[in-house]
Amino acid sequence: MTHGGTEAQRHADARAALAAALKARLRTEPLDKVTVTQLTRDCGLTRQAFYYHFPDVRHLAVWVFETEVARRVRTFAAEVGWADGLVWLMRYLRDNRSSTLGVLDGVGQPGLERFLFSQMRPVTEAVMDRDGGGPKRPQDRILVVDFYTSAVLAVVLRWVADGMVEHPYHVVGDLEIMLHGAVRESVRRLDARGASRGANRPRTT
């Protein structure tokens with residue numbers, strides 16, 4: 001193994017150790033009470049090592065969520081289907097309730113919404129692509145993806161706020177019913193509007 005490979009592995013091991021220490025702490029205390037000193041002591045790293053990788057504990061928490069959840073959801077959605085990816089996400093949130101709630105409390109509702117929106121957006125794009133692709137105009141594609149991502153996110157956030165009681169399969173099943181055909185119809189209408197505007201545009205000589 002090259003020196004570069006050894007160095008990369010060392011950094012990966014350090015991040016993994018910090019992540020494990022944080023998850024263990026979040027089982028018994030809120031995120032805002034967890035300190036860098038505690039985490040480095042728990043996993044045998046120095047404070048310098050922590051700050052090499054993360055500016056603070058909150059950024060570590062977000063990195064853990066993105067690494068363990070978001071990337072897998074995107075992969076799952078692409079390989080199996082968006083609904084299965086969303087179910088996997090919700091089951092992870094519920095199975096890791098303490099760390100999930102710790103991250104929620106630490107990043108705050110606005111921060112959580114922005115983060116989840118960016119992670120769930122590829123899931124919405126997968127829905128649109130499965131239904132035949134998006135609108136012809138790039139700005140209409142952005143509109144459709146953002147609109148339905150916001151709708152799905154609102155349902156997931158309400159589920160979290162309600163205590164994650166309802167089974168994820170039921171929640172996602174309801175979403176599938178509402179989204180079935182809706183995305184395709186939105187694309188059709190936007191393309192029709194775009195074609196109409198193009199036909200009515202004055203010709204230049």
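**Close-up 1. Contact residues of helices α5 and α7.** Leu 86, Met 90, Leu 93 and Arg 94 of α5 contact Val 152, Val 156, Trp 159 and Val 160 of α7 (heavy atoms within 4.5 Å). By class, this contact has seven nonpolar residues, no polar and one charged. Ala, Val, Leu, Ile, Met, Phe, Trp, Tyr, Cys and Pro count as nonpolar, Asp, Glu, Lys and Arg as charged, and the others, Gly among them, as polar. The model is predicted: local features need pLDDT of at least 70, side-chain atom pairs count only at pLDDT 80 or more, and totals for chains, interfaces and linings use all residues. Residues are numbered from 1 along each chain as its sequence is written, and side-chain values use heavy atoms, with hydrogens and water left out.

**Close-up 2. Axes of α5 and α7.** Helix α5 spans residues 82-95 and helix α7 residues 138-161; their axes come within 11 Å and cross at roughly 25°. That makes α5 roughly parallel to α7 (angles under 35 degrees). The crossing is right-handed.

**Close-up 3. The second largest cavity.** The volume of this cavity is about 70 Å³. In the whole structure, a search finds four cavities of 30 Å³ or more. A cavity is a set of points on a 1 Å grid where a 1.4 Å probe fits but cannot get out; lining residues have an atom within 4 Å of a point.

**Close-up 4. Lining of the second largest cavity.** Trp 82, Met 120, Val 123, Thr 124, Val 127, Tyr 148, Val 152, Leu 179 and Val 183 line the second largest cavity. Eight are nonpolar, one is polar and none is charged. Helix α6 (97-130) and α7 each supply at least two lining residues. α6 gives the most, with four.

Terms used: Axes are lines fitted to C-alpha atoms, for helices over the stretch in contact, and angles run from 0 to 180 degrees between N-to-C directions. Angles under 35 degrees count as roughly parallel, over 145 as roughly antiparallel, 65 to 115 as roughly perpendicular and the rest as oblique. A crossing is left-handed if the near helix is turned anticlockwise from the far one by less than a right angle, and right-handed if clockwise. On a 1 Å grid over the protein atoms alone, a cavity is a set of points where a 1.4 Å probe fits but cannot get out, and a pocket is an open set with protein on both sides within 12 Å along at least five of seven lines; lining residues have an atom within 4 Å of a point. Grid points are joined across faces, edges and corners, and a volume is the space filled by probe spheres set on the points.
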